[in-house]
Amino acid sequence: MEEFHKVRRLPPYVFEQVNRLKASARAAGADIIDLGMGNPDLPTPKAVVDKLCDVVRDPRTHRYSSSRGIPGLRKAQAAYYARRFGVKLNPDTQVIATLGSKEGFANMAQAITAPGDVILCPDPTYPIHAFGFLMAGGVIRSMSVKPDDQFFVAIERAVRHSIPKPLALILNYPSNPTAYTADLDFYKEAVAQAKKHDIIILSDLAYSEIYFDDNAPPPSVLQVPGAMDVAVEFTSMSKTFSMPGWRMGFAVGNERLIAALSRVKSYLDYGAFTPIQVAASAALNGDGSDIEEVRSIYKRRRDVLVDSFGKAGFDVPPPAATMFAWAPIPEKFKSLGSLEFSKLLVEKADVAVAPGIGFGEQGDDYVRIALVENEHRIRQAARNIKRFLATADETMHNVIALNARR
């Protein structure tokens, strides 16, 4: 039977090929070190779990909640933005709770997109940034993800040559998967361009608290004067508070866009379970010590990854932010592309990574490595990769042509 229209618009999910290979290897007894999925392994802070347990005992919290989020949660998010970014938000009209930033992004696409609308989307980027709009009937025009002057040249070119004119621009800094960061000057120019061309800005700020070294804390686009006229920003508690399975995120910013998202969500869900929302409020209202601990753990893991993989012969540039490293495929294997190289690492080194092609065409010379295993396991992964790289010429000459070009 012919596939349904919206299913046909979605390309094959390349990560699933690595996942199947990983599952098969584990079923055969292999100890796979999984650095592929960005699934935090750290426990949710005890105080947050305790708050959930306290609230869940009240049967009144077992009823339907609100798709917009309970008032206390929206106030807590507004207070966080005021403390962290100096941005004032009205919790009643400029804040909405989402079931993670992924759901919020996808439903915003449903809310604002007409068939054929053009969306400016970075490549490579987190898949929902493009796929959410593809499922909504939009058309993706790819942009470079690097936040430099050429980024704005590309916007001008897109406005001149796109029919219809672009509806929205997606920003994602710190970037998943590339770990690029943007400063406030970049956001100022982005807002100026959006206002000049009447373009909506959708900013994904999921990694605002995962930054390293002496780098300044990543800013919010809403810090730019006038950004509230054109922008909505998405955040998540998954990485900041190690709450991925809780599915709690937010969209904040322009009232008209938040109202559109709220209306769509009112038809689709009743919001997160109330005890989860209360516990999330407690996390946001905390003293920040939990966030500092998470940041320090990821930094230690990053440093171990860069050092041990480098010594193994797999050079990994140190990311300035996020819980990911964006690593160029070793030159000998670059001709294979990221998917085949990722499969090789599972088969030959018992290490799983995410193929860069899954984040966009421009990602095919890279793999994304997630900092979701402890330091001991990261060093073990490096030892496995070192053995694989050292023996590849002898063990693989009859399997693949290492000097072939794509």
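This is a predicted model: local features need pLDDT of at least 70, side-chain atom pairs count only at pLDDT 80 or more; totals for chains, interfaces and linings use all residues.
**Aromatic contacts, cysteines and a helix pair**

Ring pairs join F151, F152, Y173, F186 and Y187 into a cluster. Residues are numbered from 1 along each chain as its sequence is written, and side-chain values use heavy atoms, with hydrogens and water left out.

Rings of Phe, Tyr and Trp (its six-membered ring) pair if their centres lie within 6.5 Å; planes under 30 degrees apart count as stacked, over 60 as edge-to-face and the rest as tilted. That rule gives 18 aromatic pairs. Take F309 and F314: the ring centres sit 5.9 Å apart with the planes at 40°, so this pair goes down as tilted. Buried is used here for under 20% relative accessible area, exposed for over 50%, and partly exposed for in between (1.4 Å probe, protein chains only). F309 is buried at 1% relative accessibility, and F314 is buried with a relative accessible area of 1%.

F333 and F388 make another tilted pair, at 5.4 Å centre to centre and 35° between the planes. Helices (H or I, at least four residues) and strands (E, at least two) are DSSP runs, numbered from the N terminus. F333 lies in the loop between β9 (324-328) and α12 (338-349), while F388 belongs to helix α13 (residues 375-395), so the pair ties together parts that are 55 residues apart in sequence. Both F333 and F388 are buried.

A ring also meets a charge: the charged end of R368 sits over the ring of F324, 3.9 Å from its centre (the rule asks for NZ of Lys or CZ of Arg within 6 Å of the ring centre and within 35 degrees of the ring normal).

As for cysteines, a search of the whole structure turns up zero disulfides (pairs of cysteine sulfur atoms within 2.5 Å). C53 is partly exposed at 32% relative accessible area, whereas C121 is buried at 1%.

Helix α4 (residues 71-85) packs against helix α10 (residues 274-284) at an angle of about 20°, with the axes 9 Å apart. Axes are lines fitted to C-alpha atoms, for helices over the stretch in contact, and angles run from 0 to 180 degrees between N-to-C directions. The two helices are therefore roughly parallel (under 35 degrees; over 145 is roughly antiparallel, 65 to 115 roughly perpendicular and the rest oblique).
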